[in-house]
Amino acid sequence: MFKKTQKYLLLNHPLLWNTKVVPLTCFALLMHVVFLIVGYINGALNFNETDQNYSSGSKDIILFFGFLISFLSVVIWLVYYFKNNAFKAFYPKSNFALFREWLLILCISFMLCSFTISFLFGNDLRIKSYYTENEARKRCETLSKASIFYGENFDEAQYEKKMVNDTLRPVELDHVLFNNKKYSLTSLINKGIENYSFFDTKWDSLTKIKVKNWLVNDEKDSVKVVMKNFFAMVKEHKLQSNIDENQWFTLVYTAPKFIQKRIIAGRERDYYSEVYNYEADYARSVTYPDLPPTAIDTLNQYLKMIGKDKFIYYKTYVPADELEYNYQKIAYTYVSPSIQLETFLGFIYFAIGISIVVFSFKVTSGKSWLIALISMGVLNIALGICAATSSSEYYYFGGLILVTLVLFFYFVFVLYKKTEKGISGITLNGLLWLLPAFIPMVYIVTVHIMKIICGYYNSNFNYDDHPVLRFLDENDELMLCTNIIFIVVMMLFFSIKIKAWRALADN
């Protein structure tokens with residue numbers, strides 16, 4: 001069957017036969033399905049994991065093998081593809097034949113280089129399969145509200161300017177104000193909440209105020225509902241806690257001041273280190289100012305040896321770390337999925353780069369291609385040195401823009417002159433390689449010049465006064481999408497002109 005298909009393509013569609021598009025498409029589709037399934041399996045969440053005991057998993061290894069398989073596939077394909085070159089053999093071709101060939105090379109390059117996309121998509125798909133976005137948002141809201149009632153995430157002390165020895169100085173306060181009432185620094189009123197990707201800072205601030213109003217207004221039922229929903233998730237994921245929701249409420253709901261002497265930890269234990277820990281000691285000094293550094297809070301903690309390791313165990317804890325770690329993953333996947341426009345554009349541009357490099361080798365010669373590679377390398381080094389000397393990368397981009405224009409006009413001049421190729425085989429390679437970066441480089445330099453003209457680097461600059469600059473500065477992805485259209489149009493132009501250039505005499 002395969003041989004018959006290849007023979008049919010050879011006789012009726014030689015371009016499809018030479019590019020090996022049919023077997024490559026079958027192989028690529030199979031690999032994409034495999035990577036999709038592997039990604040889906042890899043995306044499974046372990047609700048016993050935290051940021052302290054998570055397993056790195058096989059994601060990095062799979063991504064590495066994805067790139068390795070892509071590289072080997074491209075190399076093997078090129079070995080077979082370069083065996084035949086109808087263009088160099090002066091085989092009759094239509095004006096659009098080279099353009100169609102480049103499009104096929106582009107499609108093949110993208111299929112072979114994008115296995116990672118399928119893996120990441122499958123990984124995200126598995127994580128999202130646990131809960132709908134609305135359900136995940138509700139659960140993260142519960143966890144965010146509940147975070148006030150565990151841990152030692154007390155806010156830092158506030159300062160107030162007072163006269164000290166006839167000098168106005170900032171003095172640290174031993175209390176916080178909430179609704180014009182004073183509360184201790186170790187009160188629930190001075191606690192922060194855990195942030196989740198679903199919510200912005202405004203939501204966090206309003207939620208924190210809402211929960212604290214429950215406390216000062218003695219709305220016990222609202223607090224109990226949060227704790228009940230929290231423990232519903234604990235039971236669902238079969239996590240361990242040494243207190244239940246009723247004990248939790250009794251321990252933390254110490255109205256009216258809500259001072260926290262008995263701390264509810266977010267995990268069962270921590271490694272104990274006798275090395276001075278500035279962060280941990282500062283947190284303890286806020287809660288228990290009389291404790292010396294690295295001392296054990298015997299009211300809430302105790303030491304235990306396991307083998308050769310020493311651990312701090314907490315007398316009261318809830319499995320908040322496990323829930324936070326996994327629901328942060330779910331929230332982040334919904335808000336910032338692995339495959340976004342910029343990720344997709346990255347793979348497209350990578351495929352465009354490969355396709356143009358392969359195409360330029362196909363239409364010129366190995367000698368011209370190699371000389372162009374060395375020349376462009378030397379040119380980039382020279383421009384890089386100039387940019388470093390001038391302390392501005394814009395000289396580098398400006399230099400490449402100028403080089404691109406010079407190479408383009410030289411190619412047009414050779415076609416117009418119609419005598420011999422000269423060094424146009426070398427310059428054509430460089431021109432094709434620079435083509436995808438031309439619009440982005442012009443965009444970068446243009447935006448920089450506009451910023452200088454508009455006074456962007458001045459302290460009194462206001463974006464509202466310069467809508468064009470704001471539009472350009474905030475729509476780089478639109479520029480990259482537009483650049484793809486530009487590349488396709490220019491490749492159409494070059495594919496037609498290269499056919500005419502091929503007819504010129506060699507040196």
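This is a predicted model: local features need pLDDT of at least 70, side-chain atom pairs count only at pLDDT 80 or more; totals for chains, interfaces and linings use all residues.
Before you start, residues are numbered from 1 along each chain as its sequence is written, and side-chain values use heavy atoms, without hydrogens and water. Local features need pLDDT of at least 70 and side-chain atom pairs count only at pLDDT 80 or more, while totals for chains, interfaces and linings use all residues.

**Exercise 1.** Work out which residues of the largest nonpolar core touch the most other members.

*Solution.* 
- Step 1: A nonpolar core is a set of buried Ala, Val, Leu, Ile, Met, Phe, Trp, Tyr and Cys residues joined through side-chain atoms within 4.5 Å. Buried means under 20% relative accessible area, with a 1.4 Å probe and protein chains only.
- Step 2: pick out the residues. The core has 46 residues, and Phe149, Phe230, Trp248, Val318 and Tyr327 touch the most other members.
- Step 3: see where the core comes from. Elements that each supply at least two residues include α8 (201-216) and α12 (320-335); the largest share, seven residues, comes from α9. Helices here are DSSP runs of H or I with at least four residues, strands are runs of E with at least two, and both are numbered from the N terminus.
- Step 4: zoom in on one member. Leaving out residues up to four places away in sequence, Phe230 touches Tyr150, Trp248 and Val318, among others; contact means heavy atoms within 4.5 Å.

**Exercise 2.** Describe how β3 and β4 pair, then look at the residue with a positive phi in their hairpin.

*Solution.* 
- Step 1: check the pairing. Strands pair if DSSP finds at least two bridges between them. Strand β3 (residues 175-178) and strand β4 (residues 181-184) run antiparallel, with four bridges.
- Step 2: take one bridge. Leu177 has Lys182 in β4 as its partner.
- Step 3: go to the turn. Two residues sit between the strands, and Asn179 takes a positive phi near 50 degrees, although Asn179 is not a glycine.
- Step 4: is Asn179 buried, partly exposed or exposed? Its relative accessibility is 48%, so Asn179 counts as partly exposed; that class lies between the buried limit and the exposed one, which is over 50%.

**Exercise 3.** Find the loop that holds Lys238 and decide how exposed Lys238 is.

*Solution.* 
- Step 1: locate the residue. Lys238 lies in the loop between α9 and α10.
- Step 2: read the backbone angle. Phi of Lys238 is near 55 degrees, a positive value in a residue other than glycine.
- Step 3: judge the exposure. Lys238 counts as exposed because its relative accessibility is 71%.
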